[in-house]
Amino acid sequence: KRKIIIDTDPGQDDAVAILLALGSPEEIEVLGITAVAGNVPLSLTESNARRVCELAGRPDVKVFAGCDRPMGRPLVTAEHVHGETGLNGPVLPDPTMPLQEQHGVDFIIDTLRAEASGTVTLCPLGPLTNIATAFEKAPDIVEKVQEIVLMGGAYFEVGNITPAAEFNIYVDPQAADIVFKSGAPIVVMPLDVTHKALVTPARNDAFRNIGNRVGIAVAEMTDFFERFDKEKYGSDGAPLHDPCVTAYLIKPELFKGRHINVEIETQSELTMGMTVADWWGVTDRPANATFMGDVDSDGFFALIAERIARL
Ligand code: BDR
Ligand code: CA
């Protein structure tokens, strides 16, 4: 069973990733959720994280607010994708469970120091600001991380916020650079994978037809979320980006990729936040990440539906 910290900017797809984790207590123990500014400002991402825990019937989960802006650049948000609240679609009540007092970065540091080395996995689903800030503040924790499994980046599919960059990496390229250079074992779920995990109408119906409150809320979230990709890319539904991270923890065999070198562009405005992935091994730069390229999408959606039915 994996102990994890989910670092997130909910976001409809972040919400589904959290629900998948909370619906899988045999494989995953959620030590805490740290919110970060990303899709929408921090005040919304932290309250959305609590809304999602309450939707799952888990007001006991510890939710922390982390960094409210990227390390060295102004915050770029994505209301054009996620709506003004970040979680447009279902009507979810204001959360009543508490926000923890501790800063999310300090929770990450204290948890990695307190737990046995190599037993805590970090699951970033948004900009990497909290993780990089923790690594800068407490470099001793880096070698204690079991694995970082993150959603971010793109290689063949290139960008969704600029022609060159994926949103999470673009928002805080400096943080991404710190994390990719940290030496911690990294698994990356880039757009190359998530654009193969589309919520088709049939898959959306399958969520709705689960019939529980969570299944209906998830269907309402993806209903809203898909309008952006449908209009923009003409695709058959929204890519469910972030749940690839938590699905990997439960069924890694759903994904295929390569262990390669990945560097982050932090200088050029034109290609800022690009994940320069040496997929073909044309340099001798050492591998620092397992960069996924493919997913068994039917297996992925079946897993999500199965676990959401348990909530
Ligand atoms: C990523 O950006 C956010 O909008 C989504 O939640 C996901 O984490 C996709 O590029
Ligand atoms: Ca996200």
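Colleague: Which residue in β2 is the bridge partner of I4?
Modeller: The partner is V30. Bear in mind that this is a predicted model.

Colleague: How do you know that strand β1 and strand β2 pair?
Modeller: Pairing needs at least two bridges between the strands. Seven bridges join β1 (residues 2-8) to β2 (residues 28-35), so the two strands pair. They run parallel.

Colleague: What order do the eight strands of the open sheet take?
Modeller: The order is β3-β2-β1-β4-β5-β6-β12-β9, and the pairing is mixed. From one strand to the next, the twist averages 25 degrees.

Colleague: What makes β3 and β9 edge strands?
Modeller: β3 (63-65) and β9 (255-260) each pair on one side only.

Colleague: Which strands does helix α4 lie across?
Modeller: Helix α4 (residues 104-114) lies across β1, β2, β3, β4 and β5. Its angle to β2 is about 150 degrees.

Colleague: Why are α1 and α10 called roughly antiparallel?
Modeller: The cut-off is over 145 degrees. α1 and helix α10 (residues 213-233) pack at about 155 degrees, so they count as roughly antiparallel. Their axes are 9 Å apart, and the crossing is left-handed.

Colleague: Which residues meet where α1 packs on α10?
Modeller: From α1 come Q12, D13, A15, V16 and L19. From α10 come V214, V218, M221, T222, F224 and F225. By class, this contact has eight nonpolar residues, two polar and one charged.

Colleague: How do you know that α9 is roughly antiparallel to α10?
Modeller: Helix α9 (residues 201-208) and α10 cross at roughly 150 degrees. The limit is 145, and the angle lies over it, so the pair is roughly antiparallel. The two axes come within 7 Å.

Colleague: Which residues of α9 meet α10?
Modeller: N204, F207 and R208 do. In α10 they meet G215, I216, V218, A219, T222 and D223. The contact divides into four nonpolar, three polar and two charged residues. V218 also belongs to the contact of α10 with α1, as does T222.

Colleague: Which residues make the contact of α5 with α7?
Modeller: T129, I131, A132, F135 and E136 in α5 meet A175, I178 and V179 in α7. By class, six are nonpolar, one is polar and one is charged.

Colleague: What stands out about the peptide bond from P10 to G11?
Modeller: This bond is cis, with omega near -10 degrees. Most peptide bonds are trans. G11 sits in the loop between β1 and α1.

Colleague: What makes V158 worth a look?
Modeller: V158 has a positive phi, about 35 degrees, yet is not a glycine. Most residues other than glycine have a negative phi. V158 is in the loop between β5 and α6.

Colleague: Which residues come nearest to ligand 1?
Modeller: Of the 15 residues around ligand 1, these are G11, D13, A78, F167 and H241. The elements giving two or more residues to this shell are α1 (12-22) and α6 (167-171). The shell has five nonpolar, six polar and four charged residues. G11 also takes part in the cis bond from P10, and D13 is one of the α1 residues that meet α10.

Technical notes: Residues numbered from 1 in each chain as written. Chains lettered and ligands numbered in written order. Predicted model: local features only at pLDDT ≥ 70, side-chain atom pairs only at ≥ 80, totals over all residues. Contact = placed C-beta atoms within 7 Å. Helix = DSSP H or I, 4+ residues; strand = E, 2+ residues; numbered from the N terminus. Nonpolar A, V, L, I, M, F, W, Y, C, P; charged D, E, K, R; others polar. Near = placed C-beta within 6 Å. Axes fitted to C-alpha atoms, helices over the stretch in contact; angles between N-to-C directions. Parallel < 35°, antiparallel > 145°, perpendicular 65-115°, else oblique. Left-handed = near helix turned anticlockwise from the far one by under 90°.
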